[in-house]
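Open the model in your viewer and keep the selection panel at hand.

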Amino acid sequence: MSASSLFGWSEEFEIVPMTPADCAEASIRHSEGFSRPWTDGEIEALLVQEPVFGFVARRPGKWQASGGFVLARLVEGEAEILTLAVRPKNRRSGIGWRLMGAVLRHLRSEGAECLFLEVDEGNEAALSLYRRIGFTKVAERAAYYDEGGGARTAALVMRLDLG
C-alpha cells in the first residue's frame, strides 16, 4: 500500500525541482494564501540566488496548474523555508507534506544541520503540518503579520534539527 493511498493523498501531482519557468504560476499560488503576495519577479529573484532552491507540485507532463510550491535557502548548514504555498482546492491532500519531504531530503543530502521557518500563529493547517514533521517553536515575533483592519498576529519561529 502506498503512502498516498494510506493517507488519502492524490497522486495526480509530482514533486519536481522548481525553475524560473515556474515563477508566474508560483506567484498565483502565493497570492491565494498570503495577504501580501510575492510577484513572479520577486520569486524568480530569490530562486536564482545560489543558496536558494525550490520544488513545485505539478501534474505529470504539464508545466502549468501547479498544486503548490516551496522555496528554501541553505547557508552554512542552516536552512530556512522562505515560503510554502498550496492551491486552496489542493490543501489537505498531502502536497505540503510532499513538498516539505523534498526539501528535507535535499537538505539532508547537503549535510544541513537545522531548518527554520516562520508561520502565522493563526495558520492552524500549517502549524499542524510543521508539528507533524517535528518542528518546535523557538521564538515568537509579536504583532508581526498585518491581517488588515488594524489586526496583527504573531509569527512563530520554528526549528527542526536535521542531525
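Select helix α4 (residues 95–109) and helix α5 (residues 124–133); their axes come within 11 Å and cross at roughly 45 degrees. This is a predicted model. An angle under 35 degrees would count as roughly parallel, and 65 to 115 as roughly perpendicular. The crossing falls at roughly 45 degrees, so α4 and α5 are oblique to each other. Its hand is right-handed.

Now show side chains at the contact. On α4, pick G96, W97, M100 and L104. On α5, pick L129, Y130, R132 and I133. Colour them by class: the contact of α4 with α5 has six nonpolar residues, one polar and one charged.

Keep Y130 selected and move to the pocket. Which residues lie nearest the centre of the largest pocket? They are F34, L84, N123, A126 and Y130.

Next, display the pocket itself. The volume of the largest pocket is about 1,200 Å³. Which element gives the largest share? It is β4, with seven residues.

Finish by colouring the lining by class. It divides into 18 nonpolar, ten polar and nine charged residues.

Technical notes:
Residues numbered from 1 in each chain as written. Predicted model: local features only at pLDDT ≥ 70, side-chain atom pairs only at ≥ 80, totals over all residues. Heavy atoms only, no water. Axes fitted to C-alpha atoms, helices over the stretch in contact; angles between N-to-C directions. Helix = DSSP H or I, 4+ residues; strand = E, 2+ residues; numbered from the N terminus. Parallel < 35°, antiparallel > 145°, perpendicular 65-115°, else oblique. Left-handed = near helix turned anticlockwise from the far one by under 90°. Contact = heavy atoms within 4.5 Å. Nonpolar A, V, L, I, M, F, W, Y, C, P; charged D, E, K, R; others polar. 1 Å grid on protein atoms, 1.4 Å probe; cavity = no way out; pocket = protein on both sides within 12 Å on 5 of 7 lines; lining within 4 Å. Points joined across faces, edges and corners; volume = space filled by probe spheres on them.
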